[in-house]
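Let's take a walk through this one together. Have a look at the sequence and the fold, and then we'll go through the pieces.

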Amino acid sequence: MSEIAKTWKVIVMAISVPPLLLMIIAALLGDDIGSQAFKRFGNALITGYTFCAGILSINMFFYADSRKRPLAPLFGMLFATLFGAMVTLWLLSQGDLLLEENGSAMAQAFSNLVRILVSTLAMGMAVIITVGGVFVAITSRPKRKLFEEE
Amino acid sequence: MDEMVQAALLFWIPALALVVGTGTALSSRSERIKFLSKIIALTGFVFVLLSPMTVPESPSSAAGHLLGSIVGPCALLITGIYLLAFSGNVEVGKLSSTDRKIGAACTFFGLIWFEGMHWWTWTPMLNGEVNPYWLVFWPTFLLLSTGLSSGAAFSLRYLGDSRENESNFMLIISTLTFSLTVLGMMLDGPNISSELFRDHFWLAASDLFGIGIGVGLAILVFALVIWIYESSLPSVKTLDVPSKQELAEAASIIANHIGGEQE
């Protein structure tokens, strides 16, 4: 394996090991919320797909701009978004399968949408803290000499 | 007015305006559209913030309440990090040492404010209960910060050149967020019990995995749509090889334009 591949492997492990350790600790502390966690996972997956596909559909306008405005990819992406929305509503209307504490499929869909926005906000703050932390660490260090003559 | 219409007018449309306005302000090239987008986003933001008062019956307005509760510490943290980063060794636009002190104070108080929301009585409360979206925000933030900081620490160490100190700093951040999460799982806060935090930690982890896979699928579909379209396009018509006569003509035109005697 090349050095670069090894380095990337270490970095991916560094990102995933702390959250996995936290999950092990939470599991050792013993709570049974498997069913709730599955529902939340399912809701996040379908909402994440639909939400992101919607944003990428808007992005397709910019792609169309650079390709003499073809309609086929635009409609393709809009169809993919609508498909996601329909599958979401269909799955949510299957009784207890993905319904959390909401009374109807529509209420659950709206709740999912708000939750994904809040999660995005939390993810954004985490990225800001990390990237900002790296910048602070780099710029706080005294200037390095690149050459001895300097 | 019907409750649904009220919620749509006073929460959902402003929320959409906030998302679309922010996206357009960041991506548009036209200064006029950027300015308009900022106004639209700001108006949406104000309406979402006011939603707990304008549409208190709508469960979604809890998100507006959360936004109002966290805007202070988030602004302090972002300002603090900005001031700290640009008061260090930067080549252009270096800020003063006073700015550095203000930055350190902003970051410290931003962190204390967030911690007070979990470990003290500053928890965002709505109708006598912990705001449900705070229980989404806080575990998600801690979980992702732990992983990303650790990843940044190892990236600095393995990809950077003599970046051990910076790497150690990021490891401290990762350890701090890791410890805060473990403490939250083991000790009760005044408003959030350890059991409640653990439950929401699992839900946040499920949320992150779900969103990650969902977003990955959407990107895959996006790439597939573009690939199908591009592969359906007729291949570009290639020109015939130039004839001897065309080559001779081109050579004579070139010969007339090099040398520079006439200029």
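In which handedness of crossing does α3(A) pass α7(B)? The crossing is right-handed. Before going on, keep in mind that this is a predicted model.

## Where α3(A) meets α7(B)

Who does the touching? From α3(A), the contact uses A:A72, A:P73, A:G76, A:M77 and A:A80. From α7(B), the partners are B:V221, B:F222, B:V225, B:I226 and B:Y229. Sort the residues of this contact by class and you get 9 nonpolar, 1 polar and no charged.

## The wider meeting of the two chains

Between the chains, 66 residues of chain B are in contact with 66 residues of chain A. On the side of chain B that touches chain A, at least two residues each come from α3 (61-86), α5 (134-159), α6 (164-186) and α7 of chain B.

Which of these helices gives the most to that side? It's α7(B), with 22 residues. As for the make-up of the side of chain B that touches chain A, its residues split into 44 nonpolar, 17 polar and 5 charged.

## Chain A on its own

Along the principal axes, the C-alpha trace of chain A spans about 70 × 60 × 35 Å.

How much of chain A is buried? Of its 150 residues, 35% count as buried. If you take the contacts in chain A with a separation of 6 or more, 51% of them are between residues 24 or more positions apart.

Helix α4 of chain A (residues 105-140) and α3(A) have axes that come within 9 Å and cross at roughly 125 degrees. Roughly perpendicular stops at 115 degrees and roughly antiparallel needs over 145, so α3(A) and α4(A) are oblique to each other. Their crossing is right-handed.

Here the residues involved are A:T88, A:L89 and A:L92 in α3(A), which meet A:A105, A:Q108 and A:A109 in α4(A). By class, this contact has 4 nonpolar, 2 polar and no charged residues.

## Chain B on its own

Now for chain B, which has 8 helices and 2 strands. From the N terminus, its elements go α-α-α-α-β-β-α-α-α-α. The globule rule gives 18 Å for 263 residues, but the radius of gyration of chain B is 28 Å, well over that, so chain B is more spread out than a compact globule. Its C-alpha trace spans about 90 × 60 × 35 Å along the principal axes.

Buried residues account for 39% of the 263 residues in chain B. Among the contacts in chain B between residues at least 6 apart in sequence, 54% link residues at least 24 apart.

## Two loop residues to look at

Let's finish with a couple of backbone details in chain B. B:N127 is not a glycine, yet it has a positive phi of about 50 degrees. You'll find B:N127 in the loop between β1 (125-126) and β2 (129-130) of chain B. Is B:N127 buried or exposed? It counts as exposed, because it has 9 C-beta neighbours inside 10 Å, and 12 or fewer is the cut-off for exposed.

B:S162 is not a glycine either, and it has a positive phi of about 50 degrees. This residue sits in the loop between α5 and α6 of chain B. With 10 other C-beta atoms within 10 Å, B:S162 is exposed.

Key: Residues are numbered from 1 along each chain as its sequence is written. Chains are lettered from A and ligands numbered from 1 in the order in which they are written. This is a predicted model: local features need pLDDT of at least 70, side-chain atom pairs count only at pLDDT 80 or more; totals for chains, interfaces and linings use all residues. A crossing is left-handed if the near helix is turned anticlockwise from the far one by less than a right angle, and right-handed if clockwise. Helices (H or I, at least four residues) and strands (E, at least two) are DSSP runs, numbered from the N terminus. Two residues are in contact if their C-beta atoms, placed from the backbone, lie within 7 Å. Ala, Val, Leu, Ile, Met, Phe, Trp, Tyr, Cys and Pro count as nonpolar, Asp, Glu, Lys and Arg as charged, and the others, Gly among them, as polar. A residue is buried if 20 or more other C-beta atoms lie within 10 Å of its own, exposed if 12 or fewer, and partly exposed in between; C-beta atoms are placed from the backbone. Axes are lines fitted to C-alpha atoms, for helices over the stretch in contact, and angles run from 0 to 180 degrees between N-to-C directions. Angles under 35 degrees count as roughly parallel, over 145 as roughly antiparallel, 65 to 115 as roughly perpendicular and the rest as oblique. The radius of gyration is taken over C-alpha atoms; the globule rule is 2.2 Å times the number of residues to the power 0.38.
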